[in-house]
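Work through the exercises below with the sequence and the model side by side. Each task is followed by a solution in steps.

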Amino acid sequence: MATTVVTGATGRVGRRVVDGLLRAGAEVRAVTRDPGAAGLPDGARVVAGDPGRPETLAAALEGADAAYLFPVSDTAAAGFARLASAAGVGRIVVLSSVSAGGAEGDHSGDHHRAVERAVEASGVTWTHVRPGEFMANVLDWWAAPIRDEGVVREPFPRALHQPVHEDDIADVAVAALLEDGHAGAAYALLGPEVLTTADQVRLIGAALGRDIRFEELTREQARRRYVEHGVPPEVADWLLAVEELPEGTAVPPATGPTAEAVTGRPARTFAQWAADHAGDFR
Ligand SMILES: NC(=O)c1ccc[n+]([C@@H]2O[C@H](COP(=O)([O-])OP(=O)(O)OC[C@H]3O[C@@H](n4cnc5c(N)ncnc54)[C@H](OP(=O)(O)O)[C@@H]3O)[C@@H](O)[C@H]2O)c1
């Protein structure tokens, strides 16, 4: 069975890539900077390394068939891909972003596109997995206030989202790592539904069997919260601008590309995600 290297193995997607590969019977070398704290499954071989310093991964890549690359800098990605090529790795699957396929003049995906290009330049067969907004992002801002106070505080209750379940991202990555037929593909992955912020709160409440209050923040309060949590001011402004679209403009398509095109299974809904993560909100 295939031997696969997974960088970012302790991540929201990476852990599920490790699980999916093990379920499929692959041999997994799971890379982490801190093996002692990684909490990776017994079936994986845990390897100390830092994808930001690819030279630390040379031994892990030796004799591997395929590798999953968590997006570090483009320079590190180029170093990783060169080492993978020298080690005879047959394919690299890049965790990228839907923003990498953005329109001309949209620079939000520049970092991810640079990582993709660095891997493409290595000559190793590649597949790019390009998710949109993760469903799991709401854990960062909502899990603690829902647990402690039964409330979500956000600025734009009618902002539109098409978030994707991390299991769907991982399923596509695992398919590309293990199956033929994905060489040179860039898979944009969105969720199967367009939901408002308020819809997401309601669906988490339904999974928990309790009502969750929504407290609307002003734009300024939301900006301050981002900055207090270490988000650079220009990134905070960008995040707010994405959500603050005037009513009725730039509505995302009713349906976008989902994991189903690759896996053949319907993409997971937000209700499913909320049920999977109910324990995080209790
Ligand atoms: N969130 C979104 O909505 C979204 C949308 C599209 C694309 N993305 C892409 O997906 C990525 C997140 O994926 P994820 O949630 O699976 O990963 P994650 O949880 O952010 O991180 C994965 C693991 O990589 C290691 N790591 C993190 N930062 C690192 C760094 N600077 N240098 C070296 N190692 C680092 C850490 O492992 P150890 O500490 O164990 O080494 C971490 O647990 C984002 O960075 C972004 O590029 C995100």
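**Exercise 1. Charges**

Task: How far apart are the mean positions of the positive and negative charges of the protein chain?

Solution: The model is a predicted one. The chain carries 26 positive and 40 negative charges.

**Exercise 2. The chain as a whole**

Task: Describe the overall build of the chain, from its elements to its surface.

Solution: 
- Step 1. The protein chain has 11 helices and 11 strands.
- Step 2. Its radius of gyration is 19 Å, close to the 19 Å that the globule rule gives for 282 residues, so the chain is as compact as a globular protein of that length.
- Step 3. Along the principal axes, the C-alpha atoms fill a box of roughly 55 × 45 × 40 Å.
- Step 4. Of the 282 residues, 50% are buried.
- Step 5. The accessible surface comes to about 13,000 Å², and carbon and sulfur atoms account for 50% of that surface.
- Step 6. Take the contacts between residues at least 6 apart in sequence: 74% of them join residues at least 24 apart.

**Exercise 3. Aromatic pairs**

Task: How many aromatic pairs does the structure hold, and which parts of the chain does the pair of W141 and Y226 tie together?

Solution: 
- Step 1. There are three aromatic pairs in the structure.
- Step 2. In the pair of W141 and Y226, the ring centres are 5.2 Å apart and the planes stand at 90°. Planes over 60 degrees apart count as edge-to-face, and this pair is edge-to-face.
- Step 3. W141 belongs to helix 5 (residues 137-149) and Y226 to helix 8 (residues 219-228), so the pair ties together parts that are 85 residues apart in sequence.
- Step 4. Y226 is buried, at a relative accessible area of 11%, while W141 is partly exposed, at 23%.
- Step 5. Elsewhere, ring pairs link F270, W273 and F281 into a cluster.

**Exercise 4. A loop residue**

Task: Where is A9 placed, and which residues is A9 in contact with when neighbours within four places in sequence are left aside?

Solution: 
- Step 1. A9 is in the loop between strand 1 (3-6) and helix 1 (14-23).
- Step 2. A9 has a relative accessible area of 0% and is buried; the cut-off for buried is under 20%.
- Step 3. Once those neighbours are set aside, A9 contacts G14, R15, V18, A30, V31 and L40.

Conventions: Residues numbered from 1 in each chain as written. Predicted model: local features only at pLDDT ≥ 70, side-chain atom pairs only at ≥ 80, totals over all residues. Heavy atoms only, no water. Phe/Tyr/Trp six-rings, centres within 6.5 Å; stacked < 30°, edge-to-face > 60°. Helix = DSSP H or I, 4+ residues; strand = E, 2+ residues; numbered from the N terminus. Buried < 20%, exposed > 50% of the residue type's maximum accessible area, 1.4 Å probe, protein only. Rg over C-alpha atoms; globule rule 2.2 N^0.38 Å. Contact = heavy atoms within 4.5 Å. Areas by Shrake-Rupley, 256 points an atom, 1.4 Å probe, with all protein chains shown as cover. Lys, Arg positive; Asp, Glu negative; His and termini not counted. Charge placed at Lys NZ, Arg CZ, Asp CG, Glu CD.
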